[in-house]
Amino acid sequence: MDDSKNLGAGHKIPVDISTEIFIKSWNIYRKIIENDNMSHNAGYAKLKEVLLEQMDRPFTFLDLACGDAYYSSITLKDTKAREYIGIDVSADALSFARENLKDSGIAATFIQADFFDFDRIVEQKADVIWVGFSVHHLSTEEKLEFFIKTKNALSENGIFVLYEPIFTEGEDLDKYCRRFKETYDLHWKGLDTEEEEALFEHIRESEKPETTENWLRLGKEAGFKEARKVFSERTGLYEIFKFS
């Protein structure tokens, strides 16, 4: 099943020039994914490990800011996923997502909207809520509001998992940008000069990471009983957290 919807929503993500590039020209992020610049391979491998360990029953998977769902479609294979709901602002990304899920055997719904507004769109409880590289665009106050929404949207014994950039202790955005540039020069590949400039502008204008401790604290303040870091990406820029 492919149930596609388009819902206009008030964006919480700031739509600056660089963010517009990511929304309108999905090929930039596609290159990042194809070159595994942000360790999608390892991150989604950890997600699958979590799903196999904790979801021993048929489950609904809510994929927020789902992009093209390429990695999600691979991750959900050989799990007990029975329903997939993908939400993203990019129409281009969702068109790819439909293709990637069409032969999965999982009932799939796709909605064009801001991930922050998922609670206005999805009425049913989800067993797993997953989001990667998106929540850090929100202010700390908005992050807490979002965490509370995820807590309220989970079924009994459901889990919330997110993959996000982190500040090291005492780091601010300027220091983070320098650390990102050092990592980029060492590990990234595949972008041309114009795409590289758009990426750096996006980071300068839109990124609002938190420290590991703050990501965990947000979960606790939202009412989750358990908040754990379960994965650190090889460069130290990104971590996965699980809340239940």
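**Exercise 1.** Describe the contact between the side chains of E99 and K102, and state how accessible each residue is.

*Solution.* The side chains of E99 and K102 form a salt bridge with an N to O distance of 3.0 Å, the term meaning a side-chain nitrogen of Lys or Arg within 4 Å of a carboxyl oxygen of Asp or Glu. For accessibility, buried means under 20% relative accessible area, exposed over 50%, and partly exposed in between, with a 1.4 Å probe and protein chains only. E99, at 47%, is partly exposed, whereas K102, at 53%, is exposed.

The model is predicted, so that local features need pLDDT of at least 70 and side-chain atom pairs count only at pLDDT 80 or more, while totals for chains, interfaces and linings use all residues. Residues are numbered from 1 along each chain as its sequence is written, and side-chain values use heavy atoms, with hydrogens and water left out.

**Exercise 2.** Work out which parts of the structure are tied together by the salt bridge between D127 and R57.

*Solution.* D127 belongs to strand β5 (residues 126-132) and R57 to the loop between α3 (40-54) and β2 (59-64), so the pair joins parts that are 70 residues apart in sequence; helices (H or I, at least four residues) and strands (E, at least two) are DSSP runs, numbered from the N terminus. D127 is buried at 8% relative accessibility, while R57 is partly exposed at 24%.

**Exercise 3.** Locate the salt bridge of K181 with D185.

*Solution.* The closest N and O atoms of K181 and D185 are 2.8 Å apart. Both residues lie in helix α8 (residues 173-187), 4 residues apart, which means a separation of about one helical turn.
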